[in-house]
Amino acid sequence: MKDEKIDVHFILNGRDTTVRFDPSLRLLDVLREELFLTGSKEGCGKGECGACSVIMNGQPVDSCLIMGYQAEGATITTIEGLLSDGELHPLQEAFIDCGAVQCGICIPGMIMAGVALLDERGQKATAGLRSEPAELSLEEIKYGLAGNLCRCTGYVKIFDAIRQAERRLQADQVAAWDSGRLGAAQANATIDAAARERYLPQTLDEALTILAQHGAARRALAGGTDILVKAKDGLFPTRALFDISAISELHGIVDQGDRLWIGSGVRHGEVARSELLRLHALALVSACALIGGPQIRNRGTLGGNLANASPAADSVPPLYTLEATVDIVSLGAQRTVPIEQFFRGPGKSILQPTELIRGISFAKRPNLKGAFMRLGQRQAQAISKVSLAGSAVLEGRRFRYLRLALGAVAPTVIRAPQTESILLNDDWTPKTLRAACQAIKQEAKPIDDLRSTREYRREMCSVLLERVMVALTGPP
Amino acid sequence: MAEYYWPDAGNRRLIGQRISRVDGPLKVSGSAKYSADISRPGMLYGKVLRSPYAHAKIVSIDTGAAEKMPGVKAIHIIQGPGKVVQWSGAEILAVAAVDESTAEDALRKIKVKFEPLPFLVDEANLSRAGNRAKPAADQVVGDPDKAFQEKDVVILEGSYGLPVIAHCCLEPHGQVVEWEGDQSLKVYPSTQSVSGVGGEYAAALGIPAGNVLVSMQHIGGGFGSKFDAGPWGLESARLAKKAGRPVKYFLERAAEMTVAGNRPSTFAKIKLAAKPDGTLLGWESDSWGTGGIGGSGIPPIPYIFNIPNQRKRHTAVATNNGAQRAWRAPNHPQACFLTMSALDDMAAKLRMDPLEFFLKNIDLTGVRKELYRKELLKAAELMDWKREWHARDLKSTGPLKRGLGLSIHTWGGRAHNSKCALSIHPDGSVEVNSGSQDLGTGTRTVMAIVAAETFGLPVEAIKVNIGDSRFPPSGPSGGSTTVGGVTSATRRAAQDALAQLMAKVAPDLGVGPERLEAVAGRIAVKGDSTKGLSWKQACSKLGVKALTMNGENPGGGPLNNSGVGGVQMADVTVDSETGVVKINKLVAVQDCGLIIDLKTAESQVYGALIMGIGYALFEERIMDNLTGRMLNANLEFYKLAGLGDIGQLVVHMWMGDKEQDDRGVIGLGEPPVISPGAAISNAVANAIGVRVPNLPLTPDRVLSAMEKGGMAYARI
């Protein structure tokens, strides 16, 4: 039953490391069970609690949502790697001093997310992107630690600890304290041939060949933030998976002149940080910035969000409003499909088992404004109960372009054509807005579920529309 | 007989200061070993097959295919054919295999046939409970009928409720078990009762209690759900015996949420009578709730306010759900929410400021009325209540509505029986051993502080060893009993040891031992610090053997006490268009007698507040009436409060006065978690003008309450 073990190479806490393990292990299992680094904890196994957080290639990630072989060639820092010559990192000292530790089970993950936040802050300061000596705002700390849950300590002391460590790092003039220093060694080893063939295709053709040969028996894995949650629920075996995140053809945000192209492997965090996309696809940037917490944004990909085909996927309504097309490939073939024709229902799309999404593209429109809003079960790291994206070009009092899309109120994301035409066919006035807010309630087809009720969702379409429209253009 | 006492305020160096926890470095560096971090040679991984049905008879079990799988080392039937399971998630059988995925694969190959039986999983609608609902209490105090018919009486009627919630420890229940031969067992559990849980294994497994060794260095949350060995523990031990190898089994998150403990629900229809001036006259309640198949008892209502005339009826509903376990301050959060919400609604009906209304009736709170009065005024000052509070019907424009609410609570927290052995070694080192456990509350730290204070040494000079059943037994950590127990035992042992050490060195210093004191790392003559010995020199007089003294807190005595109050206030903003509640600020004023470590004490209160925000705004077990299963047995849809949800938290420890100090040490873990639900709900009612009857205060409940209350939120 068991697959042959594979060799995987990475830099772990500054050391070149090669581990031979069963390919069904997650990175968290490799750390805990194979390397006995038990500082990273498993709280939920689904990327909800952040107790397993490690820093991978400079970014915090949930090690429970990464297959062990996806660490090939990566630079990884775990809580055990923060000690420097036996000395605690300033953030570790601050956690003790501020009383930010109680039972302690969430603390290693909390500290790794905090260190990543401080590193990023330090690097920005060094690069002149942040004016000194402004300290991290409370909102920045909340945003940076949104992927970590604590059940007993109370969070406020954790904020205090981040602030105290930040002051220490600044005072010691190590503002750019960088856990990346641990990447000084070089992972030069070549990829294990068996691992490459089964789990780590390096080119698009290699990946498509696996799918062509095995079809539905194998599944492509990129960010893992949805697919590994399903695997954890036993929906399919992890050994069916293979990693496509090393494939360069699936990466990049490319200005093609009149269109923009985004590789399916581009992660939500990359979208959220892209200046190019901020200029041409603000609704998408806003949505990706709200997905999950940092650990999820640093792994989850745009292509994965599409392939997962959830009606609540936050990146999808903005793509509807951009009239994006999906670029699909299989071995020796390719097709391009408008995004509205891509989804078939909850968890269902037109993607065939032999196909991969290569990228997404959409037309550039001058003066396009964009906005995205959603309501979740709590402030951060929550699946939308209802979401609304809008992209618009307003000239004087008339919309020259207006597209609205709703998430989580129908079996797929939907456009709101009646509402759009009300807004497009009249001057932008309070009366038009009122009419639109009434109309949109009729366009949603929401259901009752765990997260909310039908009535609530229907009502919220109207509330969100008003807010999105005001965010797009200011009050009428 | 020696006299035991705490040093006077003027003579304390450490007690009451903000001192960092002694196990902090281990915890922040990831080197603290929790039981799930333990690996033993040859260790197998356990997995449990659980019932998919809420109520069913097991007809047959076929393990044939699984037994033949390579890597599967043992299969142990927990409940065989003929047995009836009473909730989904109930244990059917356990498998031990060389790794987790093999064990999971094995479970998939096992065929169990069930005969499904009728079930009830949802108790919120009592009329659907049928014969599952049984009268559980019918109590009358005074003459309620007369009270409700007084002249000019004002009557308030309301419905209130809290659903079942889960403990949701971030570290699940579980353990590593390892046999030595077939008569001795080592257990590395996640437990709140290191000294107690071994006896349970011994009794169940038929081995001598002395042959069970329990060891646990750290625990990732318990909150009352981790006292017993649990089926996961006992059945793992049987499985390990069958396999002949150690077994690790920690619950999967779904099982943790389903079978490892929950807080019972309580719903109530409440009627209150008061005079027009606010004087409370009568209480009537019809309450019901469930804690699983055993139903549930009546919470202590009316809470704290001993209203003179009462009629209380309670109905216990037996549901096919995993059993309740003690949840931090058992029954108090429910009683508090039901009572304080009704009182707040009465205040609104009387057009009184609830602060005035509470103060008006403060005499009904009994022995702690003066303390409550002072704490209410202090909290009001920290909240700027007089300035910020407005009446419910105040009209404000814009979708954002702000409101304030308050609540009071009480708890016992008397120290449990606890023993320790304290040794002073001839080289001057000091260690204290106790079979206690540190739930994150700071058990090790407070013991070290007390010994260090007594000996005039720094905290780092004391080594505290806990978490091992070979140490002198200490009570389970529940009910806020630990801090009083372990500090009293440590103080007693330390006072006795110091007396003996002084007797040894007194001749050398040419004075009687009664003239010596231990200060600043020395044993010196009182009033003449030049005349003395360093601690190390003094200890060298012990010869070659350590001086070991046993300390025992008998459960009471001069060093500890019980009974605290506590006041909390909440400031919230409600988005009246989306129904989203945002916490602006929570104020907690809390007494707890003599505080040993202010830092860890405050930490308990901060932690209780976020747990309170969790059950006030988000937490709720959702059962499926069709399948009988829990729909949100995960952290994805069972939401805990995140960092973005908490607002400003202001904690004020009621300390520094002689009255509190003289009471001695009182536990603190439970009380501050009791009030947040009530205070936040009252603040929301104040903000939007109507009560949202049930917790958690989800956006759809908030909007629906506004709609029913005629607060039609006409938009645009």
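1. In this predicted model, Lys639(B) and Glu48(A) form a salt bridge, with 3.7 Å between the closest N and O atoms. The pair counts as a salt bridge because the cut-off for such a nitrogen and a carboxyl oxygen is 4 Å. The rule finds 8 salt bridges across the interface of chain B and chain A. Polar contacts between the two chains were also counted, and they come to 29 residue pairs.

2. Which elements of chain B give two or more residues to the side that touches chain A? They are helix H1 (24-28), helix H3 (100-108), helix H15 (598-617) and helix H18 (699-708) of chain B. Of these, H15(B) gives the most, with 8 residues. Sorted by class, this side of chain B has 33 nonpolar, 19 polar and 19 charged residues.

3. The contact as a whole takes in 71 residues of chain B and 68 residues of chain A. The size of an interface is often given as the accessible area lost when the parts come together. Here chain B and chain A bury about 6,000 Å² between them. Carbon and sulfur atoms account for 58% of that area.

4. Within chain A, strand S3 (residues 53-56) is worth a look.

5. S3(A) pairs with strand S4 (residues 59-62) of chain A, and the two run antiparallel, joined by 4 bridges. One of the residues already named, Ser53(A), has Asp62(A) in S4(A) as its bridge partner. The two strands make a hairpin with 2 residues between them. In the turn, Asn57(A) has a positive phi of about 50 degrees.

6. S3(A) also pairs with strand S5 (residues 75-77) of chain A, again in the antiparallel sense, over 2 bridges. In this pairing Ile55(A) stands opposite Thr77(A) of S5(A).

7. A last point concerns Pro554(B). Where in chain B is Pro554(B) placed? This residue is in the loop between strand S25 (547-553) and strand S26 (567-575). Leaving out residues up to four places away in sequence, Pro554(B) touches Asn417(B) and Arg492(B). Between Pro554(B) and Leu422(B) there are 17 Å in space, C-alpha to C-alpha, and the two are 132 residues apart in sequence.

Methods:
Residues numbered from 1 in each chain as written. Chains lettered and ligands numbered in written order. Predicted model: local features only at pLDDT ≥ 70, side-chain atom pairs only at ≥ 80, totals over all residues. Heavy atoms only, no water. Pairing = 2+ DSSP bridges. Contact = heavy atoms within 4.5 Å. Buried area = accessible area lost by both parts, 1.4 Å probe. Salt bridge = Lys/Arg side-chain N within 4 Å of Asp/Glu carboxyl O. Polar contact = N/O pair within 3.5 Å; in protein donor to acceptor, adjacent residues only side chain to side chain. Nonpolar A, V, L, I, M, F, W, Y, C, P; charged D, E, K, R; others polar.
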